[in-house]
Amino acid sequence: MRIKKILIASRGEIALRIIRACKELGIRSVAIFSEADVEGIWVRKADEAYPLLGDPLRVYLDIDKIISLAKKAECEAIHPGYGFLSESAEFAKACEENGLIFIGPKPEHIALFGDKIASKEAMKSIGVPVIEGSQKPLRDKKKAHRIAREIGYPVIIKAAFGGGGRGMRIVESDEEFEALFEAAQNESMKFFGKKEMFVEKYVKNPRHIEVQIIADKYGNVVHLGERDCSIQRRHQKVIEIAPSPNLSQEVRKELYRIATKAMFRLGYESVGTIEFLIDENDDIYFIEMNTRIQVEHPVTEIISGIDIVQRMIEIAGGDKLRFLQEELSLRGYAIEFRINAEDPRKNFFPTSGSVTRYMAPGGPGVRMDSLLYTGYKVLPYYDSLIAKLIVWSLDWEGAVKKAKRALDEFYIEGIATNIPLHRAIVEDEDFQKAHFNTNYLDKKLSEFDLEMRNSIEEEEKKMKRIQKVIEAIKKNKLSYRQ
Ligand code: MV4
């Protein structure tokens with residue numbers, strides 16, 4: 001391994017996750033942080049940390065500053081985490097040009113999969129099933145309208161350089177098309193600065209399934225199974241599960257075959273996630289590919305026993321994959337609960353402020369990837385994800401029971417979180433039976449009780465009662481002596 005020191009161009013729980021991987025590999029870690037982030041846990045846990053002065057969000061996007069810092073700190077490589085510069089082909093290229101290893105795929109592959117139309121065409125040309133739709137970027141609403149009619153309603157309008165559900169509109173009827181196209185295009189301009197759109201047939205009630213791939217520089221491509229990411233709210237994933245608890249073995253095998261073959265054919269390297277929609281007839285459609293480590297990677301790590309972040313670093317350093325597909329086995333079920341600083345009683349509006357008391361769940365089959373500690377101030381500038389609770393059990397029912405138990409142990413005081421939502425989901429019968437698709441949360445949300453339950457107050461009452469018993473025993477003892 002050529003890499004001895006890594007700069008982590010990210011923040012929060014994923015920065016800490018990468019530091020942990022570095023420590024176990026004997027690699028020195030270098031953190032960066034905005035002025036607002038001085039109290040960040042990753043800043044203390046890294047071997048070195050450097051402040052970046054300026055706007056708290058923009059500093060994590062400053063390619064020139066980050067690269068010059070990496071060189072000054074004598075790093076061989078940069079890990080971009082997720083978000084920020086993780087899917088910037090320009091950043092990956094700038095690393096290369098400055099003699100730094102970008103821990104991720106090649107810039108060409110980042111660029112290809114950043115372009116949703118080009119990546120669809122590339123996948124289609126190598127035999128991957130895609131959803132019927134426009135094959136060229138659409139800028140003009142009249143042209144787009146004609147194509148929508150050809151496809152037939154319902155259609156979905158998407159941003160060609162989009163993501164996260166931004167710049168997306170579902171169109172049910174011909175009359176609504178042009179207004180919704182304009183709205184989607186305006187959103188795309190606002191968030192991505194691009195007006196290129198495309199139109200697809202809308203797939204009803206799909207499951208959102210993604211396959212984790214890991215590939216080295218020598219053509220070895222291995223999959224680590226799939227994740228079910230159907231439980232989302234406003235295109236933000238809330239719960240991810242590995243493997244999918246409601247997928248037939250035939251569909252699963254087909255997904256693995258398609259994903260590994262495609263990545264081999266493209267000469268893809270590093271980790272990647274291929275997203276599919278599975279419709280009600282079990283038909284498979286590629287939708288997009290993520291060329292980064294994902295938030296939900298831990299569920300795959302748990303069922304595969306593979307440390308994806310460590311292997312990603314080794315691959316970037318030129319190592320061959322340590323294992324063959326046949327040597328891998330996937331075991332049990334893992335569920336990840338994204339704990340967000342947001343108030344479920346106020347339409348999930350982001351919350352910020354000090355965590356005054358904090359008790360994390362633990363015990364067998366529980367993993368916590370988190371930036372929290374008692375006294376930490378959740379900041380308003382960044383993503384609301386503050387912790388990920390991951391549970392594992394040999395079977396689905398066991399994983400749900402484990403989740404209930406772990407969520408009951410969880411206690412965060414000072415800020416509102418979405419823990420009540422998670423508690424409601426694990427109590428829901430449809431979830432317990434693994435009956436869900438991408439519409440699950442929208443349908444269920446209104447019937448969930450999302451009040452905060454204060455378990456610590458109950459526990460403290462219990463403790464006070466015990467103290468009283470002790471006092472009573474002491475008094476009794478005294479009376480015995482008399
Ligand atoms: C779709 C779709 C149905 N039909 N495309 C959402 C995020 C982006 N990665 C792709 N997404 C979807 N694309 C076609 N042709 C359904 C989704 C989708 C979704 C749509 C509306 C509400 C919630 C959703 C959750 C997951 C996926």
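The model is a predicted one, in which local features need pLDDT of at least 70, side-chain atom pairs count only at pLDDT 80 or more, and totals for chains, interfaces and linings use all residues. Residues are numbered from 1 along each chain as its sequence is written, and side-chain values use heavy atoms, with hydrogens and water left out.

Let us start with the overall layout. The protein chain is divided into domain 1 (5-103), domain 2 (132-201) and domain 3 (207-456); these bounds come from an automatic or database domain assignment. Between the centres of domain 2 and domain 3, taken over C-alpha atoms, there are 29 Å.

Where does the ligand lie? Domain 2 (132-201) and domain 3 (207-456) both give residues to the shell around the ligand, so the ligand lies between them. The ligand is surrounded by 17 residues, and the closest are K158, E200, K201, V203 and E288. Here a residue counts as near if one of its heavy atoms lies within 4 Å of the molecule. By type, the shell holds eight nonpolar, four polar and five charged residues. In this grouping, Ala, Val, Leu, Ile, Met, Phe, Trp, Tyr, Cys and Pro count as nonpolar, Asp, Glu, Lys and Arg as charged, and the others, Gly among them, as polar.

Now look at the polar contacts, which are pairs of N or O atoms within 3.5 Å; within protein, one must be able to donate a hydrogen and the other to accept it, and residues adjacent in sequence count only if both atoms are side-chain atoms. K158 places a polar side-chain atom 2.9 Å from a nitrogen atom of the ligand. In E200, an N or O atom of the side chain is 2.8 Å from a ligand nitrogen atom. V203 takes part through its backbone, with an N or O atom 2.9 Å from a nitrogen atom of the ligand. Taken alone the ligand exposes 530 Å², and the protein buries 91% of that; such areas come from the Shrake-Rupley method with a 1.4 Å probe, and for residues only the protein chains shown count as cover. The elements that give two or more residues to the shell are β6 (155-159), β8 (197-201), β12 (270-278) and β13 (284-290). Helices (H or I, at least four residues) and strands (E, at least two) are DSSP runs, numbered from the N terminus.

These strands lead us to the sheets. β6 and β8 belong to an open sheet of three strands in the order β7-β6-β8, with antiparallel pairing; two strands pair if DSSP finds at least two bridges between them. Its edge strands, each pairing on one side only, are β7 (169-171) and β8. Five bridges join the antiparallel β6 and β8, and A159 has M197 in β8 as its bridge partner.

β12 and β13 are found in an open sheet of eight strands, in the order β13-β12-β9-β10-β11-β14-β21-β19, again with antiparallel pairing. The edges are β13 and β19 (366-370), each of which pairs on one side only. Six bridges connect β12 and β13 in the antiparallel sense, and F276 has F286 in β13 as its bridge partner.

Finally, some backbone details. Most residues other than glycine have a negative phi, and most peptide bonds are trans. Y153 and P154, however, are joined by a cis peptide bond, with omega about -5°, and P154 sits in the loop between α7 (141-151) and β6. Another cis peptide bond joins A242 and P243, with omega about -10°; P243 is in the loop between β11 (236-242) and α9 (249-266). R234, in the loop between β10 (221-233) and β11, has a positive phi near 50° although it is not glycine.
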